[in-house]
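The sequence and structure come next.

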Amino acid sequence: MSLNLCILALSRIPVKHRVPNVTAPLSATVHRLWTTHPVYVQEKGLCGDSQRRSVSSNSSSRPPDTSLFVPITVKGETVGDGSIGLELTQPLDKGELLKVLNKFYKKKEMQKLAADQGFDARLFHQAFISFRKYVLEMTAITADLHIILHDICCGAGHVDDIYPYFIRHAKQIFPMLDCMDDLRKISDLRVPANWYPEARAIDRKVIFHAGPTNSGKTYHAIQRYLAAKSGVYCGPLKLLAHEISEKTNNAGVPCDLVTGEERTFVDPDGRQAGHVACTIEMCSVNTPYEVAVIDEIQMIKDPSRGWAWTRALLGLCAEEIHVCGETAAINFIKELMYTTGEEVEVHNYKRLTPFSILDQAVESLDNLRPGDCIVCFSKNDIYSISRQIELRGQECAVIYGSLPPGTKLSQAKKFNDPDDPCKILVATDAIGMGLNLSIKRIIFNSLVKPTTNEKGEKEMDTISTSQALQIAGRAGRFSSVYNEGEVTTMYRDDLPILKEILGQTVEPIETAGLHPTAEQIEMFAYHLPDATLSNLIDIFVSLSQVDGLYFVCNIDDFKFLADMIQHIPLNLRSRYVFCTAPINRKQPFVCTSFLKFARQFSRDEPLTFGWVCRHVSWPLAPPKNIKDLVHLEAVHDVLDLYLWLSYRFMDMFPDANQVREVQKELDTIIQQGVRSITRLIRASESQGAPGVTAATGPNATQTSQNNTAGPRGRGTKALNHRSPSGPGRVDSSLGSKLVQDGLLTPELLDQLQREWAKRLSQDGGSGKASTGNDKTKGKNKKKKK
């Protein structure tokens, strides 16, 4: 071994590693040795003062959720001096080495020193596992660590001497702990008003138009919008943006349309008009306007989209901000505007046409009248009820959320047309906003709706007062042929519950949503370059600080998409944009298309019109059953995704105009399918399609009346009301619900019933029963007979 190598090896050996036998506490001695160690000095030089600030600031900040810190795998590096330690000492005995490492892990002093560096028990354990694996499995480790470990195994060193090397390794796999102070500053969301300096630089006037549905609040705001030299309308739906754009242009005021998937300019040369109607996510916070209208302001509390209303309210550069919404939002909007120094002028409105809650439930589809709208909260209920109505020789229109906007408008037009034989509407709560409908009576088929809680978990819950009022308010619209509206339920048990819900005051809004921006995530990624986007978002939310007026919106959909395309090589900004795409993750075909779009994009290969047509198998045939209709709706969503991405990456999605033309044709095909939806349901029944159940045969009338008892039963159960039982309520059973939800086929249900009947007959002969009492057993025997 050369002299130069010996000198190099000796220069790497720390001078004092053995803990001296002094009266000072062991932890203090180790801390003094550690702070004078070259590894520590080197790391301090890399981090500068930020580490000291991080330690001091952490004491006053809430501790981070370390369960979100994903350790980074330390890659096997080529250690140039790895053989030097072996030449200076001897090969390490892995058995002895394991004992030494475990002894180090159990020392409370080491855990306390690590805690001072930000390593709680969880992180300390994970770091130790990684360090032990590194030491025992690496073919070569650095010379200084090799020599230290050899000395300890031979009794010439102390186990505490491992600490500097352990902490160096721990910070390699948890790099976020070295820049925690910077990460906290980036994720500080306590003063979002300061994010919009252009808006803070002008004196804005805020006017709140408050009132219930059908009170004319939006009408008055739009009148001021039309009279202004320039203005922006921000609505929650594409349908509303389309409607306002059309009305504005019809009034002789040039108005552009901007949604996530569409840009329509009045000027043929593409110059922007003074007015624009847009979906709220698409509003510009940099363009100056005279008047801005923010519709449905109560959605500022929405767990998924609330951030868009917060951004518009705080960031729009308009001399006048007109917000429209429920009275429950007045006090909160005032409080929010105090943080910007802006006063709120409130205009209150009353409902233009009254609606009354009837004292009787409908109870049977035979009692339907022209102008009725049955509100369901699942597509299966819509399929079932529309089929039953058709069996009674009546036509009905169908509207639900996943239908394309053109199809919704077509069905609404059909229902509103006095010359059309269709006089009944079956719809979800999608009718709550965005459509003008001539409804006389709203009939709630159920009072239970799938919701997402604050943790992003799906659950079934009774509709809120705000939701019930939004839906009930569609009865007796001022612009419709019915001057007064009526509200009731399908089942008598639900009627007193509905009255109680509508009789309550709407809960006041208390918080507004926020969402991390692309710039904030990019700054996070600068400090954590090896973390995944999903993990970056998790850490951001964990460290984020918000005051009592705000909350961080649910990011489950964002993380779902981020995890889906994590393996695809994309730069961070492109990855972030892809993950903000508004897609329905419940549709497998849409998710598959999203993945293929991202993969094609990563190859720098443009997604041409031909490529898209091959992917969706265009041209498509009209639907033959419900399954085909659902697939066509998914294809429409895929084309929407293409158009959405085409406005973010124009070069890579170059054929937006051609795709839009195909989408219009597809909308027409879907409209044809929905107009004959009962035929599709019959075809699905004959093919045994799961999730589609309806009454057929000689007892169709009686069975169909009972077929919708499932949703009602779920609603009353949630409210601790027991539904009456009887021989006519067979379809409210658990088996029927499982069939409706597609979890059980009718064939399997019949087999289970036969086996159960056989089991009961055997138990009856032996005088025993598996479950239930004699009365239930008697009923089952009678039913079998």
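## Sheet

Two strands are taken to pair if DSSP finds at least two bridges between them. Helices (H or I, at least four residues) and strands (E, at least two) are DSSP runs, numbered from the N terminus. The model is predicted, so local features need pLDDT of at least 70 and side-chain atom pairs count only at pLDDT 80 or more, while totals for chains, interfaces and linings use all residues. Residues are numbered from 1 along each chain as its sequence is written, and side-chain values use heavy atoms, with hydrogens and water left out.

An open sheet is formed by 8 strands with mixed pairing, in the order β4-β3-β5-β2-β6-β7-β1-β8. The edges are held by β4 (263-264) and β8 (344-348), each with a single partner strand, so one side of each has no neighbour in the sheet. Strands β2 (residues 231-235) and β5 (residues 275-279) run parallel and are joined by 5 bridges. G231 stands opposite H275 in β5. Helix α16 (residues 330-338) packs on the sheet, where it touches β1 (205-210) and β8. The direction of α16 makes about 165 degrees with that of β8; such angles run from 0 to 180 degrees between N-to-C directions, with axes fitted as lines to C-alpha atoms, for helices over the stretch in contact.

## Chain totals

The secondary structure of the chain comes to 34 helices and 18 strands. Of its 785 residues, 50% count as buried. Buried means under 20% relative accessible area, exposed over 50%, and partly exposed in between, for a 1.4 Å probe and protein chains only.

A contact requires heavy atoms within 4.5 Å. Among contacts in the chain with a separation of 6 or more, 75% come from residues 24 or more positions apart.

Helix α9 (residues 143-153) is mostly covered, with 9 of its 11 residues buried. These are A143, D144, L145, H146, I147, I148, L149, H150 and I152. Just after α9, G155 takes a positive phi of about 85 degrees.

In helix α21 (residues 518-527), the buried residues are A518, Q520, I521, F524 and A525. Seen down the axis of α21, they fall within an arc of 160 degrees, so they line one face of the helix. The arc is that of the directions from the helix axis to the C-beta atoms. The packing partners of these buried residues are α11 (180-186), α22 (533-543) and α24 (572-579).

H515 is found in the loop between β17 (512-514) and α21. H515 is buried, with a relative accessible area of 16%. Leaving aside neighbours within four places in sequence, H515 is in contact with W307, Q520, I555 and Y576.

## Aromatic rings

A pair of aromatic rings is described by the distance of the centres and the angle of the planes. Rings of Phe, Tyr and Trp (its six-membered ring) pair if their centres lie within 6.5 Å; planes under 30 degrees apart count as stacked, over 60 as edge-to-face and the rest as tilted. By this rule the count comes to 19 aromatic pairs. The rings of F578 and F594 have centres 6.0 Å apart and planes at 65 degrees, so this pair is edge-to-face. F578 lies in helix α24 and F594 in helix α25 (residues 588-602), 16 residues apart. Both F578 and F594 are buried.

The rings of F601 and F653 are stacked, because their centres are 6.4 Å apart and their planes at 20 degrees. F601 lies in helix α25 and F653 in the loop between α27 (626-646) and α28 (656-675), so the pair ties together parts that are 52 residues apart in sequence. F601 is buried at a relative accessible area of 12%, and F653 counts as buried at 1%. One aromatic cluster is formed by F578, F594, F597, F601, W611, Y642, F649 and F653.

## Charges over rings

A charge sits over a ring if NZ of Lys or CZ of Arg is within 6 Å of the ring centre and within 35 degrees of the ring normal. The charged end of R263 sits over the ring of Y647, 4.2 Å from its centre. For R648 the ring is that of W644, with the charged end 3.8 Å from the centre.

## M564

M564 is found in helix α23 (residues 556-564) and is buried, with a relative accessible area of 17%. Not counting residues up to four places away in sequence, M564 touches C591, F594 and L595. M564 and C579 are 15 residues apart in sequence and 9.3 Å apart in space, C-alpha to C-alpha.
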